[in-house]
Amino acid sequence: MSETVLRGADVILTMDDADQKLTGQDILIRDGVISAVGPGLTTSGEILNATGCVVTPGLVNTHHHLYQTLTRAVPGGQDALLFGWLQTLYPIWQGFDPEAFFVSAQIGLAELALSGCTLTSDHLYLYPGGARLDDTIAAAGEIGLRFHPTRGSMSIGESDGGLPPDALVEDEAAILEDCIRVVDAFHDPSEGAMVRVGLAPCSPFSVSQNLMAETAKLARDKGVMLHTHLAENDEDIAYSLKKFGCRPGQYAEDLGWTGDDVWHAHCVKLDGQEIDLFAKTRTGVAHCPCSNCRLGSGIAPVRAMVDAGVKVGLGVDGSASNDVGNLIGEARQAMLLQRVAKGADQMSAHEALRIATRGGAEVLGRHDCGQIAPGKRADLAIWDVSGIESAGSWDPAALLLAGPSKVRDLYVEGRRVVADGQIATLDLPRVIAAQNRIVKTLMDA
């Protein structure tokens with residue numbers, strides 16, 4: 001049996017059902033689970049001093065493309081809208097191999113961990129050079145983050161009216177066969193699972209209606225979740241109206257893509273009827289504010305979604321459209337954008353942080369995560385508020401207003417992944433060197 005006590009935190013933001021904010025209390029971790037929360041807890045195991053710190057549940061990232069850490073700030077894609085941005089990057093991604101996917105995932109996961117993230121999804125929808133979903137799963141296992149990868153896919157290339165080049169699309173029968181393989185090999189439905197797998201056709205403009213429908217049937221047969229991009233920008237809406245004769249929400253509903261086991265990325269352009277549909281069906285949304293700003297997609301109607309009862313979490317999206325994978329920064333951006341759109345009283349720092357923790361866990365169906373309470377998984381972020389970022393702050397719990405952008409310590413399943421601001425499970429300088437070597441090869445090509 002392993003035990004750790006996090007002792008004497010200035011503030012514990014529990015995000016539990018009562019939304020408690022505790023001061024001067026301890027957290028007892030036993031065998032990967034939060035065993036107790038209260039004053040004066042003792043242990044014969046490790047004691048970590050959390051004086052001067054705020055402790056939150058680990059942040060949850062509901063949408064990412066980890067492979068894109070290899071294509072940050074690519075010329076030609078820096079100032080493009082979504083479709084033009086994709087057309088710039090597809091030829092570069094075509095040159096990736098399994099090592100590229102593994103190393104880029106290591107970098108992306110380490111970056112997330114340093115920003116307080118303990119659970120992340122990943123949407124991998126292209127597999128050049130013999131790459132497989134196995135490559136990113138291996139990277140997550142090495143670094144120690146809780147992982148929800150999705151077996152993405154593209155099946156309609158340029159010659160058939162789709163956006164991606166033909167060389168990056170797959171045969172639909174082969175896609176479904178590999179979906180079965182990865183679910184059978186890696187998906188763990190049990191409480192406390194470190195890996196769960198989802199199925200995720202890329203988007204309405206890169207897969208057929210048949211593949212969307214068949215993937216939904218397969219996912220429900222296997223008991224796994226569904227994920228895709230939806231209603232990301234005006235181009236996306238126009239494509240749906242022209243190609244399918246309906247808005248994206250109706251398209252999703254017609255193909256079985258609504259429900260408690262589905263979450264959609266972006267949803268910037270959902271209208272009132274679509275928001276009501278998602279609320280009624282308990283369909284989740286991964287809100288990606290920084291990427292939406294970078295690509296000029298717009299401001300998602302998050303206030304309306306939350307008020308209607310839609311499950312909303314946050315996503316950093318890929319580093320080719322966000323540039324960084326900092327989830328605490330994403331939470332601040334989400335708060336600021338709702339204030340810009342609706343007024344300064346429309347989203348508090350605490351509500352945005354709750355969306356980044358409890359909200360994301362609910363979107364991913366992880367009711368064992370996202371809060372600090374006995375019986376929940378020991379996924380914890382410890383934020384040092386004694387430094388310059390919080391100097392002069394009257395409310396140390398208001399992390400998104402005056403707090404650090406990097407954790408001091410991070411626990412996942414009771415294991416310390418970040419220690420004193422450094423990744424504890426990975427030789428990060430070595431991986432950065434490998435990443436830069438791969439980027440040089442891609443640039444030379």
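This is a predicted model: local features need pLDDT of at least 70, side-chain atom pairs count only at pLDDT 80 or more; totals for chains, interfaces and linings use all residues.

Me: Which residues of H6 are called buried?
Reply: Helix H6 spans residues 234-244, and its buried residues are Asp236, Ile237, Tyr239, Ser240 and Phe244. Buried means under 20% relative accessible area.

Me: How do you know that the buried residues of H6 line one face?
Reply: Look down the axis of H6. The buried residues fall within an arc of 160°, so they line one face of the helix.

Me: What covers the buried residues of H6?
Reply: The cover includes helix H5 (209-222), strand E10 (226-230) and helix H7 (248-254). Contact here means heavy atoms within 4.5 Å.

Me: What comes just after H6?
Reply: Gly245 does, with a positive phi of about 75°.

Me: Now the whole chain. Why does its radius of gyration agree with a compact globule?
Reply: The chain has 445 residues, and a compact globule of that length would have a radius near 22 Å. The chain has 21 Å, which agrees.

Me: How much of the chain counts as buried?
Reply: Of its 445 residues, 61% do.

Me: What share of the contacts between residues at least 6 apart joins residues at least 24 apart?
Reply: That share is 75%.

Me: How many helices and strands are there?
Reply: The chain has 13 helices and 17 strands.

Methods
Residues are numbered from 1 along each chain as its sequence is written. Side-chain values use heavy atoms; hydrogens and water are left out. Helices (H or I, at least four residues) and strands (E, at least two) are DSSP runs, numbered from the N terminus. The radius of gyration is taken over C-alpha atoms; the globule rule is 2.2 Å times the number of residues to the power 0.38. Buried means under 20% relative accessible area, exposed over 50%, partly exposed in between (1.4 Å probe, protein chains only). The arc is that of the directions from the helix axis to the C-beta atoms.
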